[in-house]
Amino acid sequence: MPLSEGVQVRVAYKAYATGAITANTEATSSVDPGASGGQILRRVSSTLKLAKKTYQSNEILASRQIADYRHGARSVTGGLNCEWSPGTYFDFIEAVCRGTRAAGASKSHTDLTSMTASKSASTITYGGGDPVALGYSVGDVIRHTGITTTPANNNVNFVILGFGGTTNETLTVFPPPADQASDTAFSVAAPGHNVLIPSTGHVSRKFAFEHFFQNLASPYYNLFTECRIGGVKWSLPASGMSTFDLTVMGRDMETGSGAAFFTSPAASNTNGIFAAVNGLLRVGGSTVGVVTGLTIDMNLNPTVDDVVGQNFAPEVFLGKANVTGQMTALLQDGTLIDDFKNESEIDILTYVTASNAANAPANTIYIPRVKFGDAPVGVTGEGGQIITLPYQALLYNGSTPGVPVTTIRVCDTEVA
């Protein structure tokens, strides 16, 4: 009789039709989310499990033994550890932001009149319109098509770093574009979708996750039901694959044998995995080349409460979005230490790509308002000295053109 192997375990998920949880009733899984569809999920590991509170009797017996032991309220806990790839985890990023994804803006010379570019200034300048009013933001990845004067600027990822000019028509971008004379026949699009934490209209979402042990003599599944996303964490090492961790809290687990619960989940994508060496990191408006590691941790601190008369949670409560993290860097001057000392507010923009191609699949994470909480420099060894910078992200409430009023905004070029 075969034993279960990790490589043979299929992990899949599906969103429910509604994110609402009914306090005294569990959803009927065959109806919602339903067995048809779903999505196979790329992962390194999953720690999802059914957790139960337990109670041991304190009754004093002449036998000096324990009289009883009972199970109490149950819930789903744990999460998934993944390697971060484009177009794979956006459902969960959208859920933890409690926002609604928006397609990137797509415009043309009809809206922006003309386009020139300067390599030395690292700018793209349009001859008309207002790119910010037309829907472009700091952190967007844009691609042009139809340029005839300088075709080298076609189908190239340019990350918007800022806007200038009287109507925001001058974009500072990365990488520097090729020098370009005026062109009046072009289109410019921000491919994929983006999402941020909104100020109002927060949306609740829930998912079912399945572990399907398919190589057993009698295939077996665990279905974790009515799960909310409690947090996500990005880790970008200086060398190695970037990772994406997911924290989950839900209501219950169902089991079955003979076949999987999800009957026809979509295959997982085959997009490349992000490595932090491909892309860009800007801190406080300046490109930084000495960072040795970056983490971004968004936590909603999910909780469940026990109630009398039922052994499942009436709700999975989500708290405020707390975005924190840590950056480590080789010490090159006092700038970052002074940012901590002076309680300066800075921004962090990270751009990662799945390959070295000019139009590679990409993600950006923009955090417009950050304060460092410490800045120790351990003086050790003979090599470079490392500064460690834990940070707290805050709601941006300024008025810089193209900077969103939020704590964090994520763009993914591969989300259809």
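A cavity here is a set of grid points where a 1.4 Å probe fits but cannot get out. The model open in the viewer is a predicted one.

**Stop 1: the cavity.** With a cut-off of 30 Å³ or more, the count comes to one cavity. The largest cavity holds about 60 Å³ of space. To find it, select the residues that line it: Gly104, Asp140, Val141, Ala190, Pro191, Gly192, His193, Asn194, Cys411, Asp412 and Thr413. Now colour this selection by class: the lining has four nonpolar, five polar and two charged residues. Next, show strand S16 (193–196) and strand S29 (409–412), the elements that give two or more residues to the lining of the largest cavity.

**Stop 2: the open sheet.** Move on to a sheet of eight strands. Follow its strands in the order S8-S15-S11-S12-S13-S10-S9-S14; the sheet is open and its pairing is antiparallel. Select residues 106–108 for strand S8 and 180–183 for strand S14 to see the edge strands, each of which pairs on one side only. Neighbouring strands of this sheet are turned against each other by 30° on average, direction ignored.

Stop 3: Finish by selecting Phe163 and Leu171: Phe163 stands opposite Leu171, which lies in S13.

Technical notes. Residues are numbered from 1 along each chain as its sequence is written. This is a predicted model: local features need pLDDT of at least 70, side-chain atom pairs count only at pLDDT 80 or more; totals for chains, interfaces and linings use all residues. Side-chain values use heavy atoms; hydrogens and water are left out. Two strands pair if DSSP finds at least two bridges between them. Helices (H or I, at least four residues) and strands (E, at least two) are DSSP runs, numbered from the N terminus. Axes are lines fitted to C-alpha atoms, for helices over the stretch in contact, and angles run from 0 to 180 degrees between N-to-C directions. On a 1 Å grid over the protein atoms alone, a cavity is a set of points where a 1.4 Å probe fits but cannot get out, and a pocket is an open set with protein on both sides within 12 Å along at least five of seven lines; lining residues have an atom within 4 Å of a point. Grid points are joined across faces, edges and corners, and a volume is the space filled by probe spheres set on the points. Ala, Val, Leu, Ile, Met, Phe, Trp, Tyr, Cys and Pro count as nonpolar, Asp, Glu, Lys and Arg as charged, and the others, Gly among them, as polar.
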